[in-house]
Amino acid sequence: MQQVRYHVVRSQGLFDVDNTTLLDGCADAPMAAGERRLVVVDSAVDALHGDRIRTWFDAHDVAATIVALRADEEVKQWDSVSAVIDAMNAFGIDRRREPVLAVGGGVLTDVVGFAASLYRRGTPYLRIPTTLIGLVDAGVGVKTGVNYAAGKNRVGTYAAAKATFLDRTWLSTLDPRHVSNGLAEVLKVALMKSAELFELLERSGRDLLEDRLLGSTPELDAAAATVVAESIHLMLEELQPNLWESTLERCVDYGHTFSPVIEMRALPSLLHGEAVAVDMALTTVIGELRGYVSIEQSARVLAVMRQLGLPTWDDVLAEPGLLASALRDTVRHRDGQQRLPLPVGIGGHRFVNDVTDAELQRALELLRSRSRDHAQETR
Ligand SMILES: O=C(CO)[C@@H](O)[C@H](O)[C@H](O)[C@H](O)COP(=O)(O)O
């Protein structure tokens, strides 16, 4: 058994000059004046926040080498890993004392984590997620990786960051579509594990999205804080006892059975969370056809997705053979069985191994007709 310890540290305004969390907020990864760090920053974040980040390092007398890296799903490829490894080599990183800082969304932190886990067989790294999906999903687990050929996250490692620093204030500059992208992973854990969280999304999801979870009123602040804290808590509750995935029945895989193939096939038109939402819409309908979810509950789920700015359908779904082939690939990922999490009511789940092609087809047709009806109603 391999022991692993990592920290999830919360702080607001990490790069406000008087904020010292990055210096002393994690006992396992302190940083002090006179030291130096390699900082890999998503180029979109660098454009918006680069000056602030540089000012913070200067103010605390830490010599930062800042490397800006494009980080989106299209370049989540080996070349990006190699670019980070080149930067680590050029920096001459001390593999025990100089953790690499990864500042960006889930793609950036997955790429840097992967590079760090390979460099000298393992160099520490710290994650500073700047997107909602980074905060509630990619930032709190131990997976790293990149896409390979047409395979989503086909190569990667399990490598915990020493610490992840969660800071909701980054969301102030996040594109609303990327807020929705993160809300898909929040909805995932809500559907699997928490009717309360689902109801909170149902009541306040649209307002939270408009407010980018920044908490502009006391009510919205309380709701945003609960959404973020609760989804992280529910994720960690699942991840911690099963970090190396010895159990492949993982409810956090909900929405990730068909979506890897949907996302890669649709690239670049669907973001990760959007592909997850389309998968969740389909599997909600499968649950409905099986009687695990009532018609009314299924309608509520699809309505919440729309309120969160998420798609419930994409034409890629209807490509002949796509869903069946996605399921076959998932079976290879899950040790020969489907282990497909399906919702039971709202906030509950079960795993099934007997989904057939005919059942997929029925669910697809039902979802397609619902999506058409909705499109007509809103015209
Ligand atoms: O395991 C985590 C986060 O570490 C999940 O919450 C996350 O959504 C994963 O990306 C999915 O479960 C998919 O996992 P995989 O297909 O890459 O093994």
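Author: Start with the division of the chain: domain 1 covers 7–173, and domain 2 covers 176–216 + 248–377. These bounds come from an automatic or database domain assignment. The model is predicted, so local features need pLDDT of at least 70 and side-chain atom pairs count only at pLDDT 80 or more, while totals for chains, interfaces and linings use all residues. Residues are numbered from 1 along each chain as its sequence is written, and side-chain values use heavy atoms, leaving out hydrogens and water.

Reader: What area is buried between domain 1 and domain 2?

Author: The size of an interface is often given as the accessible area lost when the parts come together. Here it is about 1,500 Å² (1.4 Å probe, summed over both parts), with 64% from carbon and sulfur atoms. Leu132, Ile133 and Lys152 supply 35% of what domain 1 buries against domain 2, more than any other three residues.

Reader: How many salt bridges are there between domain 1 and domain 2?

Author: A salt bridge is a side-chain nitrogen of Lys or Arg within 4 Å of a carboxyl oxygen of Asp or Glu. The count between the two domains is three. Lys188 also forms a salt bridge with Asp137, with the closest N and O atoms 3.4 Å apart.

Reader: Is strand 5 buried or exposed?

Author: Buried means under 20% relative accessible area (1.4 Å probe, protein chains only); strands are DSSP runs of E, at least two residues, numbered from the N terminus. Five of the five residues of strand 5 (residues 125–129) are buried, so the strand is largely enclosed by the rest of the structure. Tyr125, Arg127 and Pro129 lie on one side, Leu126 and Ile128 on the other.

Terms used. Buried means under 20% relative accessible area, exposed over 50%, partly exposed in between (1.4 Å probe, protein chains only). Helices (H or I, at least four residues) and strands (E, at least two) are DSSP runs, numbered from the N terminus. Buried area is the accessible area (1.4 Å probe) that two parts lose on being put together, summed over both.
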